[in-house]
Each structure stands twice: as structure tokens, then as C-alpha cells.
Amino acid sequence: MRYHIYWQDKILIKDLDEEEFSNIWSKMHWFYQSDLNFIDVALSSLGNTEEFEEELFALITAISGSGPAWFYELSNQLVNSATKLGMNENDATNLVKGLIKALPNLINEEDSFDELVNKVKSPKGTTEAGLNSLNVDYFDKIIFNAIQQATNRSIEISAELRNE
């Protein structure tokens, strides 16, 4: 039996016997794994790395690619609300930036986001009053729609790129 090695639908190496194929394939696999390890190490320095199925890429792009802008927009709206309610804009900006800087210290691997919310709010307190307002105003649907629209746009962009 003779073997061929294809790459991107083209024959890369053809007409190999079994021993040649095994030698080349094992080296290619080693280099491939080495590249993956290098990529994982390089990307890990930027944050968490995980592997996902390709069908989730549009959703991942929506959440991790667009998500930071949504947090910044939420932060901007916190500043805008504070100034409308009487706070100096510079003070409001510094307060919100301080809040954002403190958040990583409050997150741990064990707690869910619901648990983190519950750690901040107290029954019948100010946080709960604000959360109740968010629920009445369908904050969950606003966030869902934003993620859905960003996901759909990611799918559209991918289709446009394939058609070029």
C-alpha cells in the first residue's frame, strides 16, 4: 500500500511506503503538537485559554470580543447616571474606574456569578433595590439581545469573508 499526505486539499507528499509515512507523520504530529504548545503558552500570558468547537466561535467572538466594550459602556452609563444625580464627572469616573480595578480581587474560581452578587447585596439594601430595577427593566433580555445580535453579525462577517 502507498500513502499520500494532503494539506489544504493538495498533495503535500505522495507515494510513500508505510515506513516512510509513519516516520514523516510522527514528525509532523510532533511539530503540530509543539506549535499548539507554543501557542497555548503564548496565549496563556494574555489570559485563560480553552479549546471550543468551531460552531461556538461566533458566540465566543460576541462574548469575549465584544464583551469588554459592553463593560466599558456599562461603566460609562454608571458615570453618566452619577453625574445626572449630582456627582462631579471626574469623581464619578474615578469611582467607577476604582470599582473596575477592584473587581478582579473579588472573583475566585469557586463562586458562581450568582454567589458573587449575593455576597455584595444585602436583603432590602441598596444593591438589591438596584438589581430589582434591572430585573423590572428586563436587563437579562437586553444582555441576551446584545449577545444574540453580536453573534449573528459574527456569522454574517464569516460568510462575507468566505464569499470574497
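Tutor: Here is the setting, then the helix pair itself.

This is a predicted model. The mean pLDDT is 85, and 80% of the residues reach 70 or more. Confidence is not even along the chain. Helix H5 (residues 126-136) has the highest mean, at 95. Helix H1 (residues 18-44) has the lowest, at 67. Where pLDDT is low, the predicted coordinates should not be read in detail.

Now the layout. The protein has six helices and two strands.

H2 covers residues 57-84, and H6 covers residues 139-163. Two packed helices are described by the angle between their axes and the distance between the axes. Here the angle is about 125°, and the axes lie 8 Å apart. The crossing of H2 past H6 is right-handed.

Which residues meet? H2 brings Ala58, Leu59, Thr61, Ala62, Ile63, Ser66 and Trp70. H6 answers with Ala146, Ile147, Ala150, Thr151, Ser154 and Ile155.

Step back to the whole protein. Of the contacts with a separation of 6 or more, 21% join residues 24 or more positions apart. Buried residues make up 9% of the 164 residues. The accessible surface comes to about 14,100 Å², and carbon and sulfur atoms hold 58% of that surface.

Key: Residues numbered from 1 in each chain as written. Predicted model: local features only at pLDDT ≥ 70, side-chain atom pairs only at ≥ 80, totals over all residues. Heavy atoms only, no water. Helix = DSSP H or I, 4+ residues; strand = E, 2+ residues; numbered from the N terminus. Buried < 20%, exposed > 50% of the residue type's maximum accessible area, 1.4 Å probe, protein only. Contact = heavy atoms within 4.5 Å. Areas by Shrake-Rupley, 256 points an atom, 1.4 Å probe, with all protein chains shown as cover. pLDDT = per-residue confidence, 0-100. Axes fitted to C-alpha atoms, helices over the stretch in contact; angles between N-to-C directions. Left-handed = near helix turned anticlockwise from the far one by under 90°.
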